[in-house]
Amino acid sequence: MNIQIFGKNKCFDTKKAERYFKERKIKYQYVDLLRFGLSGKEFDAVLRGVGGIDHLINWDSKSDDIAVMRYMDDPRGKEDKVFDDPSLMKTPIVRNGKFVTVGYCPEIWATWE
């Protein structure tokens, strides 16, 4: 297994994901999403893995950008905005090769073991 956790330092679900893998002694790489973001290839792989941009956006955010994106019809425009501002992404983003989850999903991670 090659686990990567992309998250935010102040996100409780990110901390829970890290604890999940630590308790099972599964090695993982943590990447601070706000500091380093995702590369273009990683972003595309995550989009394919989760089924599109609408599954990656944190719709509960109080950001004005989220309010604007609710009414955007152009998925490419949403992708560009989220890629440029990783704080709009729901976290944690957990990758295991081609498998990707967004949010706290221990029931899916258990199938990876």
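This is a predicted model: local features need pLDDT of at least 70, side-chain atom pairs count only at pLDDT 80 or more; totals for chains, interfaces and linings use all residues.
Residues are numbered from 1 along each chain as its sequence is written, and side-chain values use heavy atoms, with hydrogens and water left out.

**Sheet and helices**

Helices (H or I, at least four residues) and strands (E, at least two) are DSSP runs, numbered from the N terminus. Two strands pair if DSSP finds at least two bridges between them. Four strands form an open sheet in the order β2-β1-β3-β4, and the pairing is mixed. At the edges are β2 and β4 (99–102), each of which pairs on one side only. Direction ignored, neighbouring strands of this sheet are turned by 15 degrees against each other on average. Axes here are lines fitted to C-alpha atoms, for helices over the stretch in contact, and angles run from 0 to 180 degrees between N-to-C directions.

Strands β1 (residues 3–7) and β2 (residues 28–32) run parallel and are joined by five bridges. The chain passes from β1 through helix α1 (residues 12–23) to β2 in a right-handed β-α-β crossover. Right-handed means that, with the strands pointing away from the viewer, the path from the first strand over the helix to the second runs clockwise. Across the two strands, F6 stands opposite V31 in β2, and I5 stands opposite Y30 in β2.

Helix α1 packs on the sheet, where it touches β1, β2 and β3 (93–96), and its direction makes about 160 degrees with that of β1. Contact means heavy atoms within 4.5 Å. Helix α3 (residues 40–50) lies across β1, β3 and β4 and runs at about 80 degrees to β4.

**Aromatic residues**

Rings of Phe, Tyr and Trp (its six-membered ring) pair if their centres lie within 6.5 Å; planes under 30 degrees apart count as stacked, over 60 as edge-to-face and the rest as tilted. Seven aromatic pairs are found in a search of the whole structure. One of them is Y104 with W109, whose ring centres are 5.4 Å apart and whose planes stand at 85 degrees, so this pair is edge-to-face. Y104 and W109 also belong to one aromatic cluster with Y20, F21 and Y28.

A charge sits over a ring if NZ of Lys or CZ of Arg is within 6 Å of the ring centre and within 35 degrees of the ring normal. The charged end of K16 sits over the ring of Y104, 4.5 Å from its centre. R24 lies over the face of Y20, at 3.7 Å from the ring centre.

**Two loops**

K25 lies in the loop between α1 and β2. K25 is not a glycine, yet its phi is positive, at about 55 degrees.

The peptide bond from T91 to P92 is cis, with omega near 0 degrees. Leaving out residues up to four places away in sequence, T91 touches F6, G7, K8, C11, D13, T14, L33 and G103.

**Accessibility**

Buried means under 20% relative accessible area, exposed over 50%, and partly exposed in between (1.4 Å probe, protein chains only).

| Residue | Relative accessible area | Class |
|---|---|---|
| Y104 | 31% | partly exposed |
| W109 | 0% | buried |
| K25 | 76% | exposed |
| T91 | 6% | buried |
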